[in-house]
Amino acid sequence: MLSERITTLFALLQCNNTDIARFAGCSSGNISKLKTGNREPKPTSRSIAAFADGVYDYADYENMLSVLAELCSAADTGRESLIPALIGWLYETEAVSPPDSAVTPKSKLLLERQRQSFGERLDKAMTLLGITNGQ
């Protein structure tokens, strides 16, 4: 079952929902729904692709790619082989290739917002609220 596999994965990587959510570009609530079994998307869905990318990036950041590759029986620690192996392991199937574009319009908007500087975001908020610097 997907939720049990995610729990095992998190224990192995010593991470939590928030850690993976940061790297996956989504909320920790989305990760929680996967982990508890409240949401079980198809292995070829964009959300699982984003989750697998987040797990990969977290493992890379923590220097645990070799541990992840061993768990999933991946040929190597490269993204192209490890992510399909991870998705296959999560669903207890053969390696599954994620969709060509794991970035949904919502996540593109999130990435765009992250690229804006604090000053740009503050300026937009002040303009929307009609607040001047003096106020």
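## Chatting about a core and some rings

Reader: Hey, which residues does Leu86 touch, not counting ones up to four places away in sequence?
Author: With those left out, Leu86 touches Leu9, Ala52, Val55, Leu68 and Cys72; touching means heavy atoms within 4.5 Å. This is a predicted model, where local features need pLDDT of at least 70, side-chain atom pairs count only at pLDDT 80 or more, and totals for chains, interfaces and linings use all residues. Residues are numbered from 1 along each chain as its sequence is written, and side-chain values use heavy atoms, without hydrogens and water.

Reader: And which residues touch the most others in the largest nonpolar core?
Author: Leu9, Phe51, Leu86 and Leu90, out of 31 residues in that core. A nonpolar core is a set of buried Ala, Val, Leu, Ile, Met, Phe, Trp, Tyr and Cys residues joined through side-chain atoms within 4.5 Å.

Reader: New topic: how many aromatic pairs are there?
Author: The whole structure has 3. Rings of Phe, Tyr and Trp (its six-membered ring) pair if their centres lie within 6.5 Å; planes under 30 degrees apart are stacked, over 60 edge-to-face, the rest tilted. Phe10 and Phe51 are stacked, 6.3 Å centre to centre with 25° between the planes.

Reader: Is Phe10 buried or exposed?
Author: Phe10 is buried, at 2% relative accessible area, and Phe51 is buried too, at 1%. Buried means under 20%, exposed over 50%, partly exposed in between (1.4 Å probe, protein chains only).

Reader: What about the rings of Phe23 and Tyr58?
Author: Their centres are 5.8 Å apart and their planes at 80°, so that pair is edge-to-face. Phe23 is partly exposed, at 30%, while Tyr58 is buried, at 6%. Phe23, Tyr58 and Tyr61 form one aromatic cluster.
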